[in-house]
Amino acid sequence: MKWQGRRGSSNVEDRRGRGGVGGGGKLIGGGISGIVIIVIVTLLSGGNIGDIMGNLLSTGSSTNTGAPYEQTAKEKELSEFVSVVLADTEDVWSQLFQEQGMTYQDPTLVLYSGSVNSACGTASSAVGPFYCPGDANLYIDLSFYDELQQQFNAPGDFAMAYVIAHEVGHHVQTLLGASEQLNTQRQRLSQTEFNAYQVRFELQADYYAGVWAKHVQGKNLLEEGDLEEALTAASAVGDDTIQKRSQGYVVPDSFTHGTSEQRKRWFYKGFGSGTIAGGDTFKAAEL
């Protein structure tokens, strides 16, 4: 992706080095291996952080030392990159909302290290990037870039751009009322039914990520291989792929984000359409 020398967003808040809570995050009642993978992907895929935050509590008191965070050269480059990607999402969604007679409200992207406090609770970096509708913030520990490449086998800057665009997709859903509807359905559906509903919710965010990518392509900002990087990342965080990796088998009734094939398909649908209108996954006969 062509991003160097381009405008970065002013809606980036740097909390690195402050620490949400001390001691580093840990999962309660489980080992790190498969469980952490599932939790990371749950939130990378836009899962409801409130549902799992209780299992991501840390111990100890605040680790804020008051000293400024000293970032490495690689972290500086990554922070500049995500700022440019966020700026691109602001431009694209402001235009698309304006075309529909609406006003887009920019989210804030919070950079953190180790752990962070949000309106959805306290999270450790083990959860991966996430969006909290309670404060309309996106949260990301830049160390996830290495995990995306090494753990999920999804290298490339546009794979990371896809992750950010997906989380922004959840912000779009909040502005359009889909997030509120999700909470309503949570109260009235069985767990299996709600899981199926949430799959549609997550696939819509993938669709919106594809819409963003389409407009980035229209500005001649994509480079060779970028689209493949995004599709690889979408495939890597499919429920079936994650369950096979973590437990050796799949349980379709427990899917909450969609299969690898579904995630790629809806991202590509958004990329082909470039419009808000084509992303009504809730009425789709087939996913």
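Reply:

**The disulfide**

A search of the whole structure finds 1 disulfide, a term that here denotes a pair of cysteine sulfur atoms within 2.5 Å. A disulfide is a covalent bond between the sulfur atoms of two cysteines. The model is predicted, so local features need pLDDT of at least 70 and side-chain atom pairs count only at pLDDT 80 or more, while totals for chains, interfaces and linings use all residues. Residues are numbered from 1 along each chain as its sequence is written, and side-chain values use heavy atoms, with hydrogens and water left out.

The partners are Cys120 and Cys132, whose sulfur atoms lie 2.1 Å apart. The torsion about their S-S bond is about 95 degrees, so the disulfide is right-handed. The pair links distant parts of the chain, 12 residues apart: Cys120 sits in the loop between β3 (115-118) and β4 (121-124), and Cys132 belongs to strand β5 (residues 130-132).

The two cysteines can also be described by their accessibility. Cys120 counts as partly exposed, at 22% relative accessibility, whereas Cys132 is buried, with a relative accessible area of 0%. Buried means under 20% relative accessible area, exposed over 50%, and partly exposed in between, with a 1.4 Å probe and protein chains only.

As for the setting, the protein has 10 helices and 6 strands; these are DSSP runs numbered from the N terminus, helices being H or I of at least four residues and strands E of at least two. Of its 287 residues, 52% are buried.
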